[in-house]
Amino acid sequence: MWAATGFDQPTAPTRSASRSPFDVCHVGVVLRVVLGMQLVLALGVAHVAASPADWLVRWSQALATALPASLLWLVLACAGRSVLERMSPLGQWGCAVLLGAVAGLYGEVQSSMLDWWMGGVQRSWWTVCPAMLTGAAFASVTLAWLRQRGHSELPAQAQARLAELQARIRPHFLFNTLNTAIALVQIEPARAEAVLEDLAELFRQALTSPHLRASLTDEIDLAQRYLRIEQLRFGERLTLHWTLDPAAGEAEVPALMLQPLVENAVKHGVEADPDGGWVRVSTHVKGGQAVLTITNSIPVHPQAGLTAGHGIALRNVRQRLRLMHDVEASFAAGVHKGETAEHASVYVVRVSVPLKPGVKAR
C-alpha cells in the first residue's frame, strides 16, 4: 500500500520558458492525437450512419484517410521541430496548418488509390478539398492543445524551484550549516570551506538556474552536496549508501527533482528517529530506462511533536515527470517490506525515465 510523505510548497512565478509547442515526439502525445482523431471521426460518422454496421463501415473508410494523415503530420512536426521552434508564433501556426493540409491531401490520395485498386472506384477531385481543410483544422486544434500542454509545465516548475529555495533558506538548515562551518574553521578549515562551497552551489542552483531539464548526473551531484551538509549535521545518525550507474546519469529529468526526494528521506527517515537512520540512492539501466531509487529507513519510535507530510513534494515530482516524459516515465512511492528485522519497513521512491537514443547499459 502506497503511503506518501512530503512538505507544503506555495506557488510563485518563474522566469523559465514553457516547453516547445512542437514537442510531439513522445509516445503519449502520439497516442492522444491518434485516439482523439478516431473519437472525433466516430462521433461524426454516427450522424449519417443508418445502422451500427453502416457506422462501422463509414468509420473504417474515414480512418483509411485520417489515420495516415495524422501520423504524417506528427512525423513532419517531430522532424522539423528545431526549425519550427525558431519561428514566430504566427509562423508556427501557418506551418502547422500548411502541414495539416498536406497531410490531409496525402491521406485522401492514398485512400483514393486503395479504392481504385480494390474496385476500380474513382473519386471526384472535389474530395481533395474537404480532406485538406479537415487536415488543416485538425492541425490547428492539435497545436492549440500542445501549446496549452506546454504552458501547464510552468506552475509545476515554479513550485519545484520555490521548494528548492525554501529548503536552502529554511532557518534551521541555514543556521546549522553556518554553525557547522564556524566550528570547523579552526580545526578543519578545508572541510569548512567545502561546506560553504556546497551551500553556495545549492543557493546558486535554487536562485539562478533557468533550466527546465537537467541530466540525472547533475541532479545526483546537487543531492550529494545537500547530503554532505546533512551528514555533518547528523553525524553518525545518518548513514548514506550510493550505488550509481554512469550510463543512467545521461538520462534527462526535470531540474531540481532529486533534492526534494532525498530531503524527504532525511526528514522522515533520519531526523524523526532518535537513533538515526539511513538513506540509499541507486541508479541503474533496465530495458532502455534509467531507474532511480531512493530508499530510507522508517523510525520504529518516531520523535514526539513531528508531523507527517502532505505528499505535495511527491505529487510535484510526479506531475513534472508526466509533463516532461508523458507515458514513457513512471513514478512510484510507498512503504515496502525491509530486508532486516531492525528495519521491517522501508520507504521507497522509484523513478523511471527513458534514456537518450544510443545509450546502453555498461
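Mentor: The model is predicted, with local features needing pLDDT of at least 70 and side-chain atom pairs counting only at pLDDT 80 or more, while totals for chains, interfaces and linings use all residues. Residues are numbered from 1 along each chain as its sequence is written, and side-chain values use heavy atoms, with hydrogens and water left out.

Trainee: How is a pair of aromatic rings described?

Mentor: By the distance of the centres and the angle of the planes. Rings of Phe, Tyr and Trp (its six-membered ring) pair if their centres lie within 6.5 Å; planes under 30 degrees apart count as stacked, over 60 as edge-to-face and the rest as tilted. The structure holds one aromatic pair. Trp55 and Trp59 are stacked, at 5.3 Å centre to centre with 15° between the planes.

Trainee: Where do Trp55 and Trp59 lie in helix H2?

Mentor: They are four residues apart in H2 (residues 52–79), so about one helical turn separates them. Helices (H or I, at least four residues) and strands (E, at least two) are DSSP runs, numbered from the N terminus.

Trainee: Which residues does Ser345 contact, leaving aside neighbours within four places in sequence?

Mentor: Contact means heavy atoms within 4.5 Å. Ser345 touches Ile298, Val335, His336 and Gly338.
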